[in-house]
Amino acid sequence: MTTTAGFLTALTVAGTAALVPAGTAQAATTAQATTTHAGTTTHSVGTTAHSAGPCAPTQPGTGFYAAGRVASAPVTVPASRCTTIAVSHIRDAADPDDTCQTFLLAFLSPTGGDPTYTEPVEACSPTPGRRTVLASGVPDGTVFRVLYQVDYIDPAIQTVKYTAWR
């Protein structure tokens, strides 16, 4: 378990890393939302009683490559009912039939300290629109990067296209 700024706790549910508010019963809700279909783990998208809209898609630009992973540019969670961060529409730009990749999130510290990482999760998009939740219980205004593990770097670093939902 890792606490980030006192409000998030890392939790692994059915092989999926989730961030839930520290000291709450959301872990049970997250576990109940997990289902498995033909080897692909999917999750329902959690919501809370905010007045803003549901989860919104984004396709963040590339930030950097380091240690076998590509990181996105920083993304900020907007004011919304959405309390999860998920990925969908995953495909290798060089091989469109490759629709699986290992993802994790780096939550950036508002004070400039070291980021907090979720556990890696394999996400697949055999069905367009199916989302894999990487974290839940994420408050509005949280800044994060999406990272994916690269499978190859030669002749060029693998580029994976995906949609992040926040």
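Predicted model: local features only at pLDDT ≥ 70, side-chain atom pairs only at ≥ 80, totals over all residues.
Residues are numbered from 1 along each chain as its sequence is written. Local features need pLDDT of at least 70, side-chain atom pairs count only at pLDDT 80 or more, totals for chains, interfaces and linings use all residues, and side-chain values use heavy atoms, without hydrogens and water.

**Exercise 1.** Determine which strands stand at the edges of the open sheet of four strands.

*Solution.* Strands are DSSP runs of E with at least two residues, numbered from the N terminus; two of them pair if DSSP finds at least two bridges between them. The order is 6-16-10-14, with antiparallel pairing. Strand 6 (57–58) and strand 14 (132–136) each have a single partner strand, so one side of each lacks a neighbour in the sheet and these two are the edges.

**Exercise 2.** State whether strand 14 is largely enclosed or left open by the rest of the structure.

*Solution.* Buried means under 20% relative accessible area (1.4 Å probe, protein chains only). Five of the five residues of strand 14 are buried, so the strand is largely enclosed.

**Exercise 3.** Locate Ile-157 and classify its accessibility.

*Solution.* Ile-157 lies in the loop between strand 15 (143–149) and strand 16. Its relative accessibility is 37%, and partly exposed covers values between under 20% (buried) and over 50% (exposed); Ile-157 therefore counts as partly exposed.
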